[in-house]
Structure formats: structure tokens, C-alpha cells
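The following questions and answers set computed values beside the definitions that give them their names. Please keep the structure in view while reading.

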Amino acid sequence: DEWEDVPFEATADAEDSERRFIPLTLLAQNRNHCVPTSVAMVIHSQGGEADPEKMFEEMGGMEGTALWRTREWLSEHGFRTIAVDLDVDVAKNLIRAGIPLIGSLHGPFDSHVDVLCGFDERLGVFFFRAPNHWSPGMAPQELTLERYETEGSLLAVIDERNTKAIALAEQ
């Protein structure tokens, strides 16, 4: 078997393997602009337009951007923000529906967000994109979700007109 020496367990045969990846606009964050940059990437992936610099200013950003202000800004601009469970199947279903998810990372000295934008069943990984890096990263599915445990959920940002995706996120 050609995969016999691979140091991880493949979760599906190649023929049955599912891989999804939502392309995200290449935006690079300025200092302390991870929230508006990540939100802009998500908005762009749904066909919308958003300027992270303008968003940062409108959201009252200073040494970062408060998520409550982000939710308020999104609501005013026609988007729903829905907290979804840290569950592999929930995340995959939303990615299948074309909805990337924003995850919050908290450390002892700072916080950060990135965007969960794909998965590969065969490799058993999720793909994510940090707004301060050009290329996506990947990590085992369970480990990826553990990165967001301090927040307790992922955020789905969905255009209000996409009622099908909203219903899926609210399940």
C-alpha cells in the first residue's frame, strides 16, 4: 500500500475522499487589524465587498477590535453573525455550503482570529488562513477545533439573503 509509511491515519480512500477549500481574498492585516481583515475575507468569499481599514475605523478599533462591535457592524451591513458549535461535522457542513468560519484564539498576552476555510477528509485536516499570513495552514481536525476552545464556538458570518446557510448555521 502506497500510504503504509505515512505517519498519520488516512480517514478515507482516495476515491471516496472529500476535499473542500473556499478561496479567500488575499488581504494582509495591518497591526491589530485581524478581526476586520478576517471578516473582510469572509465577506469577499460570499461575493461582497469590504475594506478592512474602513471597517477598523467604523468598528472603533484601537488595540484590536471588540467582537461585539464587529457583530454590530455586520448587522448594520446586512450580515448575520451566528455562533456555531466546535464540532467537526458542523464546521464541514458550513464549509460545504460555502461559509468560512472565524475562530478566536486567546493567549496569555494577546488574542487573534483566523478563518477556517476548508477540509480534506483523506488527510483528516482542516485548512485555515490567518490574516497575517499569505498561505493557508492546516492541522488535524480535532486539534484545529481545540485551538478555539477558549472562545467556545466558531463564528459564521452570513449574508442575510442566504437564508439556507443561516438555517444550517442555526441547527
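Q: Which residues touch the most other members of the largest nonpolar core?
A: In this predicted model, the largest nonpolar core has 46 residues, and Val 84, Leu 101, Ile 102, Leu 116, Phe 126, Leu 154 and Ile 158 touch the most other members. Helix H1 (residues 34-45) gives the most to this core, namely 7 residues. In soluble globular proteins, nonpolar side chains tend to be buried together.

Q: What does Ile 102 touch, not counting residues up to four places away in sequence?
A: Its contacts include Ser 38, Val 39 and Val 42, as well as Val 113, Asp 114 and Val 115. Leu 154, Leu 155 and Val 157 are also touched by Ile 102.

Q: Why are Cys 34 and Cys 117 called buried?
A: The name applies under 20% relative accessible area. Cys 34 has a value of 10% and is therefore buried. Cys 117, with 0%, is buried by the same rule.

Q: What makes Glu 18 and Arg 96 a salt bridge?
A: The rule asks for a side-chain nitrogen of Lys or Arg within 4 Å of a carboxyl oxygen of Asp or Glu. The closest N and O atoms of Glu 18 and Arg 96 are 2.8 Å apart, so the pair qualifies. Glu 18 is in the segment before strand S1 (19-21) and Arg 96 is in helix H4 (residues 88-96), 78 residues apart. Glu 18, Arg 20 and Arg 96 are linked in a network of salt bridges. By this rule the count comes to 8 salt bridges.

Q: Why is Arg 96 called partly exposed?
A: Its relative accessible area is 33%. Buried means under 20% and exposed means over 50%, so a value in between is called partly exposed.

Q: How do you know that Asp 120 and Arg 19 form a salt bridge?
A: Their closest N and O atoms are 2.6 Å apart, and the cut-off is 4 Å, so the pair is counted. Asp 120 lies in strand S4 (residues 111-120) and Arg 19 in strand S1, so the pair ties together parts that are 101 residues apart in sequence. Asp 120 counts as buried at 3% relative accessibility, whereas Arg 19 counts as exposed at 55%.

Q: What can be said of Glu 121 and Lys 92, buried or exposed?
A: Glu 121 is buried, with a relative accessible area of 17%, and Lys 92 counts as buried at 5%. Their side chains meet in a salt bridge (2.3 Å, N to O). Glu 121 is in the loop between S4 and strand S5 (125-129), and Lys 92 is in helix H4.

Q: Which side chains make polar contacts with the side chain of Asp 114?
A: The side chain of Arg 147 makes one at 2.9 Å, and the side chain of Tyr 148 makes another at 2.6 Å. Asp 114 lies in strand S4 and is buried, with a relative accessible area of 1%.

Key
Residues are numbered from 1 along each chain as its sequence is written. This is a predicted model: local features need pLDDT of at least 70, side-chain atom pairs count only at pLDDT 80 or more; totals for chains, interfaces and linings use all residues. Side-chain values use heavy atoms; hydrogens and water are left out. Buried means under 20% relative accessible area, exposed over 50%, partly exposed in between (1.4 Å probe, protein chains only). A nonpolar core is a set of buried Ala, Val, Leu, Ile, Met, Phe, Trp, Tyr and Cys residues joined through side-chain atoms within 4.5 Å. Helices (H or I, at least four residues) and strands (E, at least two) are DSSP runs, numbered from the N terminus. Contact means heavy atoms within 4.5 Å. A polar contact is a pair of N or O atoms within 3.5 Å; within protein, one must be able to donate a hydrogen and the other to accept it, and residues adjacent in sequence count only if both atoms are side-chain atoms.
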